[in-house]
Amino acid sequence: MTTGNWWAAALRESVNGEKPLAVVCNGEALALFRNAAGELCALEDRCPHRRVPLALGTVTPKGLQCGYHGWTFNGATGMCTTIPNLREDERVPSRYGARAYRVAESGGFVHVWLGEGSPADSPLPGADYQPHGSEFSGTAVVNTAHDEYLAAMLDGPECLLEFGSVRITDFFLGDPRMEAGRLVVDRGAVWKTQMLPPAFVVDHPLIVRTAVPLEGGTIRVELLDADEAPLVTLCIAASANRRGTTSLCWRGFRHDTRVAGAPLRWLIARRRARAPFRIHPMIDGAALAALLVAPSRDLAAARAARRAPLSEAA
Ligand code: FES
């Protein structure tokens, strides 16, 4: 299931040194926490002793202590450091340990390396997200499989999210294109106050740009004006959870850009610093099923092309 890539597994502020955070990222159950030095740590969320979730345990100065029999694991190496009730002459066997993952922080996300090999040459996905002003964030587990979530983000993002006062249309502005490991699609959008039905609006005053990663990474969604000045930027980390569901965590912010023709509701929301977007925590299955498969075909083709040389080499 791993792709050899960085995955954004949690929001930075959700991971602390008091209570471990349980997440499922790309199908892997993880316990995230900060050790006594404040460093981020990620361990497999399964005690090697009796398979109890480590996230039910406690963060101690020596590491993460399992809540069942009290074994303690070093957050950086996964090595078991303490077993209660050992005799004075007994030592913790060096083979006792939990799986530890490489972990790094970028763009307000906690990233975990879930693949084989070294991540030295792989940039962190959150690096191109640089917020300013008020930020809005959240998490959810949505009732859709990860691949379907990515496909819907390209074929019909209005099923998954909304920008206040904005109607996303199905009018594509150009062909899908690859940019920095993401498939990018532009589609026209209009203010909801516009009287003309979107199907007849030739000159779209707004653009919704969705950029979906081929592997790992984060989805980037932008609301732009007609000159491509950014109004809202949104970074969504999506990965496979269990039983056909998808883990999400996101951050986004409103730019200072002034836009002509914005309705009163948009201006009031801006003045009151309300979130300019909403991620749907529940997805309408009927709306999803009705989407035409369009740009997501390009995503599938780009993924197949990327994997082909690897399989040929094997
Ligand atoms: S199950 Fe974790 S210490 Fe026993």
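Which helix is the place of Leu267? Some notes follow.

1. Leu267 sits in helix α2, residues 264-271. Helices here are DSSP runs of H or I with at least four residues, and strands are runs of E with at least two, numbered from the N terminus.

2. This is a predicted model: local features need pLDDT of at least 70, side-chain atom pairs count only at pLDDT 80 or more, and totals for chains, interfaces and linings use all residues. Residues are numbered from 1 along each chain as its sequence is written, and side-chain values use heavy atoms, with hydrogens and water left out.

3. Leu267 is partly exposed, at 41% relative accessible area. Buried means under 20%, exposed over 50%, and partly exposed in between (1.4 Å probe, protein chains only).

4. Ala211 belongs to strand β16, residues 206-213. Ala211 is buried, with a relative accessible area of 7%. The C-alpha atoms of Ala211 and Asn26 are separated by 19 Å, and the two residues are 185 residues apart along the chain.

5. The lining of the largest cavity includes Trp7, His146, Pro213 and Arg303. α1 (146-155) and β18 (230-240) are the elements that give two or more residues to this lining. A cavity is a set of points on a 1 Å grid over the protein atoms alone where a 1.4 Å probe fits but cannot get out; lining residues have an atom within 4 Å of a point.

6. By type, the lining residues of the largest cavity are seven nonpolar, three polar and two charged. Ala, Val, Leu, Ile, Met, Phe, Trp, Tyr, Cys and Pro count as nonpolar, Asp, Glu, Lys and Arg as charged, and the others, Gly among them, as polar.

Definitions and conventions
On a 1 Å grid over the protein atoms alone, a cavity is a set of points where a 1.4 Å probe fits but cannot get out, and a pocket is an open set with protein on both sides within 12 Å along at least five of seven lines; lining residues have an atom within 4 Å of a point.
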